[in-house]
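We'll hop from one stop to the next.

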Amino acid sequence: MKEIEHLTEDSSKLIQISDLTASLRCPHGPLEEAIRELQREIQRQLAERQTNDAQLNVLELTWNTSNGIQNMTVVFSKPEKRTQWEEIFAEAKQKLANSLERCQIPEFFVSVPIRKTRAGLQFTCASPTLGVQKDVWVCNSDGYVGQVCVLSLVPEPSVTSCNGVCNARILCVSSVPASEERASNSSLMNVNISIVDASLNSSAASRGNSVAAVCSPSKSTERKGSFKSTDSSTPRPLSSNSESNVQLDSGSSSEDSDAESQPERCVAANQSGGTASLTPNHRQQDSTASTNAGEETEIQQSTMWLGTEDGCIHVYNCTDNIRIKKNKIKIPHVSAVYSILYLDNRVFVSLANGDICVYSRDRAGWNVTSPLTVTVGTVSNPVVKLLNVHGKLWCAIQGTIKVLNTKTLQIDSQIQISNDSKPITNMTVLNDYVWISVQNSAHIKCCHHESFEVIFEVNLAPSVNKMLSNCDDIIRQHKAACLRVTSLLACKDLIWVGTSAGVLLTIAAHNVAKGSSLPAVTGLPHGHTGHVRFLTFVQSPDGDCAEQLAPEGSSGGPSAGTAGAKPSKASQQQELLVISGGDGYEDFRSAGNNTLSEVAGREDSTNHLLLWKV
């Protein structure tokens, strides 16, 4: 508008100059010719500006009616008004389409910047903790130091701490729930307490049996923490009842310890007077329970397993304050840890040498010294991704997937995904279909979990290019030339896709079936300036359902045991937060305008977490 005003003023002044020139008495032909030429140029520029400005204020709409195609021209007072109206109209149109397809509509919640404490720090992976705490552990690294940033969702999303935990890149992280078996054993302990209490009024024979159980030498089995330190000897298996009785009296008094070391004294005391031996134990049950409470709480806590490039797994309790607490245990391996997955009360760990280590646990905790080892890949072709698909373990090796039976630890099937030997980079599962991306490709493939047939392939490039239409030409061309999928996530009925262009896409996958049309791909208006490094989700603290979800997976390795299971009604109804981590923050709706250019320029190099409500 100002440019048009300036051209109009210049045209008026040239008319005045032309009148003054005509009054000159000396020869002035060349001057008049120059003025006329200048007037013609200004009139041309003025007409061009007025035409362009009118086009910016006008919007042509076309729609189908019962009488055929109708056209409408909407004229706005300012170009800014037209742009604002067009964005709102497009958003309403998308919401209408999603509602007709009964598709979830992600709602952008907030962006959280994470300032770099070291130059070159980049996100690698993330996973939510399990339990009452609403935290997400976000891992980043510069190649030399592994750092964990804790994102707290209560009372509002904010980063509470960023601390280095190791001197290597963190490649994967996974949350591991507490043992359900231990929780059931705890309830059995409470039942046994009632039985011992009731036996005070029973016969002498029943009292003798109770004392014999308490004084049993099998109680000498030690428990030093959450993880079992195994040796060559195998501990004798205990029944649930005897184990509960052992836990009940553990460390209750020095007299009981003496009785344990001399079981014949315990039996003699029982024969001479069972009541005398039982009474002190009953009186100290409260102190016994409180003594064991701390140990039991420690053992039953959920944990976070972090896998690093130097071949170590660092294990923390989910409730640990990582700023002041060291790792609970450190498990060394011979090669880098690529992926960690919890499934059926076991933890599967894929290594860079092609092996998969299987860690199991019992009542004493995790056996971290002698895991089962299954060779699935090789040093040159290791297992880079693990995914739980309906109880089977899908192992990605280059362009092939090997399906591992978790019960027999044998390979059941082998699926060829990429014919040109491009390695598989990401996998996620929703209902009966597995979505797969390969290296340096903007396509994702959809594969049935039983027939292993690839039913279709989705090209993401058109949707990404549409979102980049407002970007600078050079930036758009560069991002389009090297476009690839960097992360995948399944959440409710949507497949979330992170790209190297920073654009986030969602695919409505609830009606996917063989022979169906390609699902709609929708670009989200908010994304990252650079790569999308990971995707994960966590239950919203505002959700009505108190049930805590285990994460389905996040880019970089973590996957939980519920990944291949069909979502329950409760999980479908509760509100979730999808979190993307990447380089910078970009609002693609205004990428072409200069209103946010100064802010965007400053934030390009800052890592951001974007949170979406689903």
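How many aromatic pairs does a search of the whole structure find? The search comes up with 10 aromatic pairs, where rings of Phe, Tyr and Trp (its six-membered ring) pair if their centres lie within 6.5 Å. Planes under 30 degrees apart count as stacked, over 60 as edge-to-face and the rest as tilted.

Before selecting anything, two notes on the ground rules. This is a predicted model, in which local features need pLDDT of at least 70 and side-chain atom pairs count only at pLDDT 80 or more, while totals for chains, interfaces and linings use all residues. Residues are numbered from 1 along each chain as its sequence is written, and side-chain values use heavy atoms, with hydrogens and water left out.

**Stop 1: two ring pairs**

Select phenylalanine 108 and tryptophan 612. Their rings make an edge-to-face pair, 5.0 Å centre to centre with 70° between the planes. This pair links distant parts of the chain: phenylalanine 108 is in strand β3 and tryptophan 612 in strand β34 (residues 607-613), 504 residues apart. Helices (H or I, at least four residues) and strands (E, at least two) are DSSP runs, numbered from the N terminus.

Buried or partly exposed? Tryptophan 612 has 1% relative accessibility, so it counts as buried, whereas phenylalanine 108, at 24%, is partly exposed. The cut-offs: buried means under 20% relative accessible area, exposed over 50%, partly exposed in between (1.4 Å probe, protein chains only).

Next, pick tryptophan 305 and tryptophan 366. They also form an edge-to-face pair, 5.4 Å centre to centre and 75° between the planes. Tryptophan 305 is in strand β10 and tryptophan 366 in strand β16 (residues 365-367), 61 residues apart. Tryptophan 305 is buried at 0%, and tryptophan 366 is buried at 3%.

**Stop 2: strand β27**

Now select 494-499, which is β27. Here 6 of 6 residues are buried.

Show the neighbouring strands. β26 runs antiparallel to β27, joined by 6 bridges; two strands pair if DSSP finds at least two bridges between them. Leucine 489 has tryptophan 496 as its bridge partner in β27. The hairpin of β26 and β27 has 2 residues between the strands, and lysine 492 in the turn has a positive phi of about 55°.

On to β28, which is antiparallel to β27 and joined to it by 5 bridges. Leucine 494 has alanine 508 in β28 as its bridge partner. This hairpin has 4 residues between the strands, and glycine 502 takes a positive phi near 85°.

**Stop 3: the nonpolar cores**

Stay where you are and show side chains. The largest nonpolar core has 28 residues, and those with the most contacts inside it include Trp435, Ile495 and Val497. A nonpolar core is a set of buried Ala, Val, Leu, Ile, Met, Phe, Trp, Tyr and Cys residues joined through side-chain atoms within 4.5 Å. Among the elements that each supply at least two residues are β23 (433-438), α10 (461-467) and β27. Another core lies apart from it, with 17 residues, among them Val176, Val315, Ile331 and Leu351.

**Stop 4: serine 302**

Jump to serine 302, in the loop between α9 (285-300) and β10 (303-308). At 15% relative accessibility, serine 302 counts as buried. Its side chain reaches the backbone nitrogen of alanine 178 at 3.3 Å. Not counting residues up to four places away in sequence, serine 302 touches residues including Leu130, Val176 and Tyr316; contact means heavy atoms within 4.5 Å.

**Stop 5: lysine 116**

Select lysine 116, in the loop between β3 (107-114) and β4 (122-128). This lysine is partly exposed at 36%. Leaving aside neighbours within four places in sequence, lysine 116 is in contact with Leu121, Ser605 and Asn607.

**Last stop: an open sheet**

Finish with the 4 strands of an open, antiparallel sheet, in the order β18-β19-β20-β21. The edge strands, each pairing on one side only, are β18 (385-389) and β21 (410-416). Look between β20 (residues 400-405) and β21 for 6 bridges, where threonine 400 has glutamine 416 as its partner in β21.

Methods. A polar contact is a pair of N or O atoms within 3.5 Å; within protein, one must be able to donate a hydrogen and the other to accept it, and residues adjacent in sequence count only if both atoms are side-chain atoms.
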